[in-house]
Amino acid sequence: MKKFLQIINCVILSLGLSQVSANAQTTPAPKTKVATKTPKAAAKPAAPVALDDDDGEPDVKESKTFEYKCELGNVLTMYTNADDDKHMAMRWKKRLYRLTRMETTTGAHRFENRKAGLLWIGIPAKGLLLDSHRGQQLANECKTTDQVIAEVELKTQAAIQAK
């Protein structure tokens, strides 16, 4: 069982990292502006800016909260809303981010905020937070209290059956 979980973890990690490297390769370099002197025209009213899906602070008042404790003492909080399964909010390092669901073929829950470069991958056994801009893990072995209890129960049952 332990070997199976290790294989699953490796597959999910490789899928996440391959996506991170694919995102890094397809991200165009920022364009630089060339300074030119032009006469100032009359001030024009600013055009309304459409909010990006990753922008804006999410409203978490009506959300269900899940606190994850991760390796190395990292803690993050997820906020889900029953009315919106395409998005969730995540509190990481004292900041709130809006994450958008990305489709997967593996059944893993994958949420991303491309602007901030955050990628959350959740499987039944744990969660993993990646930085897609830098191509590195931010938090691993993230588990809720319920996941820890379920893991202990499975280990206890396995020990009983082994006797």
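Contact here means heavy atoms within 4.5 Å. The model is predicted, with local features needing pLDDT of at least 70 and side-chain atom pairs counting only at pLDDT 80 or more, while totals for chains, interfaces and linings use all residues. Residues are numbered from 1 along each chain as its sequence is written, and side-chain values use heavy atoms, with hydrogens and water left out.

Met90 touches Leu76, Thr77, Met78, Arg95, Leu96, Tyr97, Leu99, Leu118 and Leu129, leaving aside residues up to four places away in sequence. A nonpolar core is a set of buried Ala, Val, Leu, Ile, Met, Phe, Trp, Tyr and Cys residues joined through side-chain atoms within 4.5 Å; buried means under 20% relative accessible area, exposed over 50%, and partly exposed in between, with a 1.4 Å probe and protein chains only. The largest such core has 15 residues, of which Leu76, Met90, Trp120 and Leu129 touch the most other members. Among the elements giving two or more residues to this core are strand 2 (75-81) and strand 8 (136-142). Strand 3 gives the most, with three residues.

Strands (E, at least two residues) and helices (H or I, at least four) are DSSP runs, numbered from the N terminus. Eight strands form an open sheet in the order 1-2-3-4-5-6-7-8, with antiparallel pairing; two strands pair if DSSP finds at least two bridges between them. Strand 1 and strand 8 each have a single partner strand, so one side of each is left without a neighbour in the sheet. Strand 1 pairs with strand 2 over six bridges, in the antiparallel sense, and Glu67 stands opposite Thr77 in strand 2.

Lys61 is in the loop between helix 1 (2-26) and strand 1 (64-69). Lys61 counts as exposed because its relative accessibility is 73%.
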